[in-house]
Amino acid sequence: MLTHLATALGVLGLLTVVPGPDMAVVTRRALAAGRGDALRTVGGIATGLLVRGALTVAGLAAVLAASPAAYLAVKLLGAGYLLFLGAQALWQHRRSATAAATDAPDVTGSPWRTGLVSNVLNPKIAVFYTGLLPTLAPPHLPTAWAMTLLVLLHAVLTLAWLGSYVCLLSKAGPVLHKPRVRRALGRTTGVVLIGFGLVVATASG
């Protein structure tokens with residue numbers, strides 16, 4: 001069992017640290033509103049993982065993964081949301097180019113909700129939880145308990161990794177608060193979010 005758990009932790013850890021939409025959303029929030037907002041966004045992302053995990057344990061994620069129409073609907077919703085966040089970031093940083101050097105672009109909406117929605121509307125999480133997570137489950141535990149354990153581990157790893165990333169960004173505050181650097185990073189984040197949105201929209205099931 002310990003061997004299975006170690007393997008699962010390794011796979012989950014690798015998948016957690018690979019840059020993706022979650023990191024881009026957190027970066028945008030950290031640049032625009034600071035560490036507190038970014039950490040609340042991380043909390044929303046972790047909550048999204050728990051929601052996805054609950055659906056998986058209940059068997060609903062398997063239905064989503066097996067239904068082309070349902071998968072397409074969620075995929076397009078997720079892609080649209082990422083495109084919206086990216087376009088919003090580009091517009092805000094474009095507008096901030098004429099603002100005073102100490103001004104930061106405003107962000108709207110709850111950071112926790114932003115993290116939750118961006119994660120829940122990522123169909124790849126449902127497919128990952130349905131297709132890969134069961135293969136990592138320790139065989140000596142009941143399936144539901146094993147899946148629940150892995151989802152909790154994934155949420156904890158995500159909190160630790162993205163929380164540490166936010167703290168690193170806050171340490172670089174003096175550099176990131178320079179208007180030119182902030183605008184460049186904000187525009188880059190917007191482009192990355194749009195890129196992820198296009199990847200999600202065009203990816204095959």
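Predicted model: local features only at pLDDT ≥ 70, side-chain atom pairs only at ≥ 80, totals over all residues.
**Exercise 1. The chain as a whole**

How many helices and strands does the protein chain have, and what percentage of its residues is buried?

Solution. 
- The protein chain holds 11 helices and zero strands.
- Read from the N terminus, the order of elements is α-α-α-α-α-α-α-α-α-α-α.
- Of the 205 residues in the protein chain, 41% are buried.

**Exercise 2. The salt bridges**

Which residues are linked in a network of salt bridges?

Solution. 
- A salt bridge is a side-chain nitrogen of Lys or Arg within 4 Å of a carboxyl oxygen of Asp or Glu. The whole structure has two salt bridges.
- In one, Asp37 pairs with Arg29 at 3.0 Å, N to O. Both Asp37 and Arg29 are buried, Asp37 with a relative accessible area of 14%.
- Asp37 also pairs with Arg40, with 3.1 Å between the closest N and O atoms. These two residues are three apart in helix H3 (residues 35–58), which means that about one helical turn separates them.
- Arg40 is partly exposed, at 47% relative accessible area.
- The network therefore consists of Arg29, Asp37 and Arg40.

**Exercise 3. The largest pocket**

What is the volume of the largest pocket, and which residues lie nearest its centre?

Solution. 
- Rolling a probe the size of a water molecule over the atoms shows where empty space is left. Here a pocket is an open set of points on a 1 Å grid over the protein atoms alone where a 1.4 Å probe fits, with protein on both sides within 12 Å along at least five of seven lines; lining residues have an atom within 4 Å of a point. The volume is the space filled by probe spheres set on the points, which are joined across faces, edges and corners.
- The largest pocket holds about 530 Å³ of space.
- Its lining has 22 residues, and Leu15, Gly20, Pro21, Asn122 and Ile125 lie nearest the centre.
- Helices H1 (2–17), H2 (21–33), H7 (123–131), H9 (143–171) and H11 (179–202) each give at least two residues to this lining. H9 has the largest share, four residues.
- By type, the lining has 14 nonpolar, six polar and two charged residues. Ala, Val, Leu, Ile, Met, Phe, Trp, Tyr, Cys and Pro count as nonpolar, Asp, Glu, Lys and Arg as charged, and the others, Gly among them, as polar.
- Asn122 sits in the loop between H6 and H7 and is buried, at 13% relative accessibility. The C-alpha atoms of Asn122 and Arg52 are 9.8 Å apart, although 70 residues separate the two in sequence.

**Exercise 4. The largest nonpolar core**

Which residues have the most contacts inside the largest nonpolar core?

Solution. 
- A nonpolar core is a set of buried Ala, Val, Leu, Ile, Met, Phe, Trp, Tyr and Cys residues joined through side-chain atoms within 4.5 Å.
- The largest one has 13 residues, and Leu12, Phe128, Tyr129, Leu133, Leu136 and Leu150 make the most contacts inside it.
- H1, H7, helix H8 (133–136) and H9 each contribute at least two residues to this core, with H9 giving the most, four residues.

Methods:
Residues numbered from 1 in each chain as written. Heavy atoms only, no water. Buried < 20%, exposed > 50% of the residue type's maximum accessible area, 1.4 Å probe, protein only.
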